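My entries follow the order in which I looked things up.

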Amino acid sequence: MSLSTPRRVLARTTAVLVLALGMATGTTGLLSGGQAHALPVTQGTLAFGGDEGDYISGGRSYSYGTASQDRMDVSADDAGNAVHLRLDGANGDWWSLDLAAPSGRVLAPGAYTGATRHPFNGPDEPGLDLSGNGRGCNTLTGEFTVADVEFGPQGYVRKLDATFEQHCEGGVAAARGEVHIDNPAPPAQLDLGLAVALDGTASALNGKAALHGTVSCSKPVRVEVSGDVTQVKRQKLIRGSFTASVACTPGAPRAWTATAVPTGDTPFQRGDVEVEARATATDPDYGQAVTAAETVAVHLKRA
């Protein structure tokens with residue numbers, strides 16, 4: 001099988017991170033942005049209590065931890081500006097905690113005063129929100145201190161040690177607590193590769209174009225390959241699309257084959273076509289889509 005070389009590639013394989021736009025000479029993955037996928041906390045605790053008259057705590061104390069079979073899920077946004085914690089207690093309790101730096105800043109160790117309700121905090125205000133068990137503040141004021149925080153890729157939260165104080169509706173009574181998270185080092189991100197072979201066939205029987213190539217991956221994933229084929233013959237534009245699905249495992253590249261069906265009544269014919277191909281898979285550790293793309297000139301032989 002003849003795979004693409006720099007001379008024949010119309011546009012080199014590129015990878016575009018929504019977090020940061022980047023290009024490479026090889027086939028690299030594309031990681032989508034947005035709110036990161038929440039991942040379970042390996043070791044963590046959440047504890048808080050409140051004054052009499054505090055609406056959130058009801059004047060009671062609460063304590064949870066992964067060692068007590070309480071489930072904790074945590075994520076950060078792509079910019080590392082905010083951390084969101086969701087707790088599902090073994091006793092049926094449920095709580096969420098948001099801690100955010102002012103807009104445009106990364107959450108880092110330090111004291112954050114003048115916090116208001118996240119995500120409605122102003123651009124120069126830190127964000128805070130402790131709610132759950134059917135109770136939440138409409139407006140709030142408060143402060144929190146981050147003693148330690150460490151992020152990984154795709155919103156992964158490696159460490160978080162923080163204390164917080166929250167007042168609902170401008171009241172004097174407060175809820176006060178602390179959160180501690182200690183996760184293992186973040187998994188590597190999925191690396192996805194795509195290659196399109198420079199040879200294909202045009203069927204004289206049905207007018208379809210047969211294509212092939214390979215995909216590679218750094219984790220076991222299901223890779224969806226798709227793309228578009230364009231050919232110009234005798235001043236006629238011939239187009240078609242193709243799809244394929246490949247079970248990819250790390251190691252040697254895995255082959256894919258696909259057939260492009262012309263959209264009109266003009267069949268694909270012998271000669272050169274432009275193939276725009278994409279390979280997409282979901283990173284099993286981060287729940288994010290990763291895409292590799294390649295555009296090449298493919299020569300079709302008559303089948």
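This is a predicted model: local features need pLDDT of at least 70, side-chain atom pairs count only at pLDDT 80 or more; totals for chains, interfaces and linings use all residues.

**Entry 1: T257.** I began with the contacts of T257, leaving aside residues up to four places away in sequence, and found that T257 touches L211, H212 and A244. T257 is found in strand β19, which covers residues 254–262. Is T257 buried or exposed? Its relative accessibility is 60%, and the cut-off for exposed is over 50%, so T257 counts as exposed. I also looked up A197, which is 60 residues from T257 in sequence. In space the two are 9.9 Å apart, C-alpha to C-alpha.

**Entry 2: the whole chain.** I then stepped back to the chain. It has 303 residues, and buried residues make up 45% of them. Of the contacts with a separation of 6 or more, 63% are between residues 24 or more positions apart. The accessible surface comes to about 14400 Å², and carbon and sulfur atoms account for 51% of it.

Entry 3: Strands of a sheet pair through backbone hydrogen bonds, either parallel or antiparallel.

T45 has G65 in β5 as its bridge partner.

At the β3 end, two bridges join β3 (residues 39–40) to β6, and these strands run antiparallel. L39 has V74 in β6 as its bridge partner.

**Entry 4: strand β6.** I stayed with β6, residues 71–76. Five of its six residues are buried, so the strand is largely enclosed by the rest of the structure. Six bridges join β6 to strand β7 (residues 82–88), again in antiparallel fashion. M72 stands opposite L87 in β7. The hairpin of β6 and β7 has five residues between the strands, and there G80 takes a positive phi near 70 degrees.

**Entry 5: the cores.** In soluble globular proteins, nonpolar side chains tend to be buried together. I looked up the largest nonpolar core here and counted 34 residues in it. Which of them touch the most other members? They are L46, L85, L97, L99, F144, L160 and V179. Strand β12 (residues 157–168) gives the most to this core, with five residues. Apart from this core lies another, of 33 residues, among them W256, A258, A277 and V296.

Not counting residues up to four places away in sequence, L97 touches L46, V83, H84, L85, L128, D129, L130, F164 and V179.

**Entry 6: empty space.** Rolling a probe the size of a water molecule over the atoms shows where empty space is left. How many cavities of 30 Å³ or more does a search of the whole structure find? It finds one. The largest cavity holds about 30 Å³ of space. Its lining is made of L39, P40, V74, G155, Y156, V157 and N183. I had already noted two of these names, L39 and V74, as bridge partners.

Note on methods. Residues are numbered from 1 along each chain as its sequence is written. Side-chain values use heavy atoms; hydrogens and water are left out. Buried means under 20% relative accessible area, exposed over 50%, partly exposed in between (1.4 Å probe, protein chains only). Helices (H or I, at least four residues) and strands (E, at least two) are DSSP runs, numbered from the N terminus. Two strands pair if DSSP finds at least two bridges between them. A nonpolar core is a set of buried Ala, Val, Leu, Ile, Met, Phe, Trp, Tyr and Cys residues joined through side-chain atoms within 4.5 Å. Contact means heavy atoms within 4.5 Å. Accessible areas come from the Shrake-Rupley method with a 1.4 Å probe; for residues, only the protein chains shown count as cover. On a 1 Å grid over the protein atoms alone, a cavity is a set of points where a 1.4 Å probe fits but cannot get out, and a pocket is an open set with protein on both sides within 12 Å along at least five of seven lines; lining residues have an atom within 4 Å of a point. Grid points are joined across faces, edges and corners, and a volume is the space filled by probe spheres set on the points.
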